[in-house]
Each structure stands twice: as C-alpha cells, then as structure tokens.
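Subject: Structure handover

Hello,

Here is the structure for you to look over. My notes on what turned up follow below it.

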Amino acid sequence: KEIIFPKNVLGILKEIADYYFISPSFLAHNAIKEIPLGKPREPRKDSADNSFFPPMIEEGGEIQNLLAIDGKNPILVEYSNFFRKISSFLQIIGNDFKEDKATIILAPTISMAKNLFAFLSSRYKGLAVLLHSEQNKGDFYRGLKEISSKNSPIVIGNKSALFAPIKKIGSIIVDEYHNFSHKQTEQNPRIDATFIAKKLSLASECRIYLFSVFPLVRDFAQN
C-alpha cells in the first residue's frame, strides 16, 4: 500500500524548511528515511526494559480538566511522580481513542522511546508504532505503513514521529520537553523537536502537552 502524507505534515515540512532556509526535500530526506527497494526484512526486535512500568496503573482524574482545553496553546504539565505521568499519558491516549484520533509521544532519548513502546504495545495490542532515527530502512518504512493503515495509532519516537503519515492527530505529548536531547545538534539542520511539535499542533488543530518535572521558567508565563 502506498504511503500518502497528509497536507498538515507536508505543510510543516515546507514551513520548517523555510525557517531553516533549506529545501523541503533535504529536510524530508533528513527526517524520513529513504523507502527501501524490494521486500523489507523481518522487523528487528529492539531490546527494551518494561520492568519499571507497573502492570496496571490506576488512572486518576487530575488531568481531566486538561483534556477539555483546546489546542491553541501548549499545555504545560508539571509532575513530581513518574507513575502519575504515565497515568496521565494513558488518559490522554484514551481520550484520543474516543475521538478516533492518533497520539504522538516524543521521548527525549531512543532508549526511553523503546521502553514506552514496550509498555504501550503490551497494553494497546497492535496500535503502538515505534519510529526513531536508529531504525534500519525496512523497520522504519514498515512503521510508516502501519501508521498510514490505522485510524488512531499511538506513535512513539523522536523527531521522526512528527513527520509520520497520520490521518487525524488528537494530541502530541512531548515528554521531558526541557531535555536538550530533543534538539538535534550533531548535524544540519539543527532541528528542535519541541518547536516542530508546536507548529504541527497548530497546523493539525490538536492539543500539545509539554511534560516536565523541571519546567522552564519562561513557559510558566507563556502557558
């Protein structure tokens, strides 16, 4: 099945390319791996640690008031307990499911993205998809095909997840948004995933949650 990227993703590619004064094709090649020729290999099983996640998390009501907020401004979420954060993730995902929309979760590191994927894929069978820059072309392309064939997937990864062919985005979660790992500093363009996530939320008219145990002072005034 051919992968078709929606207008909001293509629009973000052009907007970010203009911002960094580079061509959209160069940015697309940097963010989205080249489609492999021939039959993709069997997916490689990434090692992930699921042991530090509880088998069942009680979902409280502390984030319910946040779910009613529109997507015009980023929603700053300060937390002090790891399990409370994961509980909030589950409620956001559950709310998106009700609206038949997808959830994007940006993790600061690939290892954390793998651990989140291990937990969520066991809880939501067949709906969680992992995308990150260290995947081989076959695994990455297979993930794109899975996303394009699902109505309400859970996409977990780094900046690559922001350019996934998602039909309808309900929420974008930026985990530890203050973490410098969300910024690409090794190569050009030096993309800031949090900045792109904010742009995508505006283009898609979806909610964006900035989770952090140490929120930046400037964001208290802006959000």
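One term first: a nonpolar core here is a set of buried Ala, Val, Leu, Ile, Met, Phe, Trp, Tyr and Cys residues joined through side-chain atoms within 4.5 Å. Please also keep in mind that this is a predicted model.

The largest nonpolar core has 32 residues. Within that core, I104, L106, V155, L162, I166, I172 and V174 touch the most other members. Several elements give two or more residues to this core: helix 1 (7-20), strand 2 (102-106), strand 3 (128-131), helix 6 (137-149), strand 5 (169-174), helix 7 (193-204) and strand 6 (207-212). Helix 1 gives the most, with five residues.

L162 is worth a click. Setting aside neighbours within four places in sequence, L162 is in contact with V9, I104, L106, I172, A193, I196, A197 and L200.

There is also a second, separate core. That one has 22 residues, including I75, I86, A113 and I173.

Now the overall picture. The protein has eight helices and six strands. From the N terminus, the order is α-α-α-β-α-β-α-β-α-β-β-α-β-α. Of its 223 residues, 49% count as buried. Among contacts with a separation of 6 or more, 81% are between residues 24 or more positions apart. The accessible surface of the protein is about 11,400 Å². Carbon and sulfur atoms account for 54% of that surface.

Best wishes

Notes: Residues are numbered from 1 along each chain as its sequence is written. This is a predicted model: local features need pLDDT of at least 70, side-chain atom pairs count only at pLDDT 80 or more; totals for chains, interfaces and linings use all residues. Side-chain values use heavy atoms; hydrogens and water are left out. Helices (H or I, at least four residues) and strands (E, at least two) are DSSP runs, numbered from the N terminus. Buried means under 20% relative accessible area, exposed over 50%, partly exposed in between (1.4 Å probe, protein chains only). Contact means heavy atoms within 4.5 Å. Accessible areas come from the Shrake-Rupley method with a 1.4 Å probe; for residues, only the protein chains shown count as cover.
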